Amino acid sequence: MTGGFSADDRRFMRRALTLAKRGRGTTRPNPMVGAVIVRRGKIIAEGFHRRPGTAHAEVAALASLEGRAPGATLYVTLEPCCHTGRTPPCTKAVLSSGVARVVVGCADDNPLVDGAGIAKLRRAGVQVDVGCLGEDCHDLNRAFFIWVRHQRPLVTLKVASTWDGFIADGRLRTKAAPVWLTGEPARGLAHRLRGEHDAILVGAGTVRVDNPALTNRGPGAGRQPLRVVLDGRLSVPPAAAVLKRGGATKAAATLVFGARPAPAARVRALVAAGAEVDLRPARRGRVAIADVLRQLAARDVQSVLVEGGADVHGAFIRAGLVDRVAFFLAPRLLGAGTPIARGQGRAVADALRLGPARVRRIGNDLLLEADVV
């Protein structure tokens, strides 16, 4: 069943979604899941998945009822699992509880589940209706689904540019430091985006020119993403801000991807400065984007925020490895400079197509967001 849900069904599923979001940043590599148990139109129990190894949302909700909920309806944002991992299968707990109906937000794309949990409940005589607020439930864990299905992270391409499409004026600078195009409100939202991703990725050119720390310095910043630098020739200065740990932000680790073979002295210098260096096979001194994403996925990185520069943006677009875009447009015109993306590019007929755009005003700037179709 993909339609025909009542207003109450949607209301209870919205509550389950709210609960699921409480696990943001702590459930990885597991998905975020929320559950609500209802009897005679009233919520009698709630739960959400907190972290790996702890009870899944359905089991957490049932625990407050001592595992029993005869005749009740269970609302859960994601299909209950039917396999044993760090915890027993949720379907077993649901069937033991006496729940009569299960309303599922979306099926689990994990090959270990992939509809089997729904089928098991139905075979046991439980009414299972799937698809209540399905788009919202799927979008909540889109990064997890891409990670588990394609063994790579979800990629968000984040850009700050002028209205005529330039991210910098392209002029030589006497000092490596950021030059802001957007206003403070937009920069604050960009920091929040960093906190919502597992990793931030830039190229070595951005490090040399802007010397970014790549930390989340937004209001109440807590979660610090892994910092990733694509640096085929290992040209990042050992004194770069991106290699520094500690401080008020408690910056995360830095992973530098370089081309193999590499000068041992440069590797030692970066390691001494605090970086981890991963040398990969390369072509013309450039590491393959798909290889980098596979290596990040193996580290349980499920989402990456790509922040530049132009060559890196072009490489991701060329490889077709962009899932979302977040373009901050500053009301300025440069007339020339560094473009948003450069490189070989794609033919018009093969351009990455974007879904419906979401436009927001952030201070004096605009934020355009869309998913790649």
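Helices (H or I, at least four residues) and strands (E, at least two) are DSSP runs, numbered from the N terminus. The model is predicted: local features need pLDDT of at least 70, side-chain atom pairs count only at pLDDT 80 or more, and totals for chains, interfaces and linings use all residues. Residues are numbered from 1 along each chain as its sequence is written, and side-chain values use heavy atoms, with hydrogens and water left out.

**Exercise 1.** Describe the lining of the second largest pocket.

Solution.
- Step 1. A pocket is an open set of points on a 1 Å grid over the protein atoms alone, where a 1.4 Å probe fits, with protein on both sides within 12 Å along at least five of seven lines; lining residues have an atom within 4 Å of a point.
- Step 2. The volume (the space filled by probe spheres set on the points, which are joined across faces, edges and corners) is about 1,000 Å³ for the second largest pocket.
- Step 3. Its lining has 38 residues, and Arg-24, Asp-139, Leu-140, Glu-196 and Arg-324 are the closest to the centre.
- Step 4. Helix α5 gives the most to this lining, with five residues; α6 (142-150) and β15 (324-330) are among the elements that supply at least two.

**Exercise 2.** Find which residues of α6 are buried.

Solution.
- Step 1. Buried means under 20% relative accessible area, exposed over 50%, and partly exposed in between (1.4 Å probe, protein chains only).
- Step 2. Seven of the nine residues of α6 pass as buried.
- Step 3. They are Arg-142, Ala-143, Phe-144, Phe-145, Ile-146, Trp-147 and Val-148.
- Step 4. Just after α6, Gln-151 has a positive phi of about 55°.

**Exercise 3.** Compare the surroundings of the salt bridges of Arg-101 and Asp-350.

Solution.
- Step 1. A salt bridge is a side-chain nitrogen of Lys or Arg within 4 Å of a carboxyl oxygen of Asp or Glu; the count comes to 21.
- Step 2. Arg-101 pairs with Asp-129, with the closest N and O atoms 2.9 Å apart. The pair links strand β4 (residues 101-106) to strand β5 (residues 127-130), 28 residues apart in the chain.
- Step 3. Both Arg-101 and Asp-129 are buried.
- Step 4. Asp-350 pairs with Arg-346 at 3.1 Å between the closest N and O atoms. Asp-350 is partly exposed, at 43% relative accessible area, and Arg-346 is partly exposed, at 27%.

**Exercise 4.** Identify the network of salt bridges that includes Arg-142.

Solution.
- Step 1. The linked residues are Asp-139, Arg-142, Arg-324, Arg-358 and Asp-371.
- Step 2. Of these, Arg-142 is one of the buried residues of α6, and Asp-139 and Arg-324 are among the residues closest to the centre of the second largest pocket.
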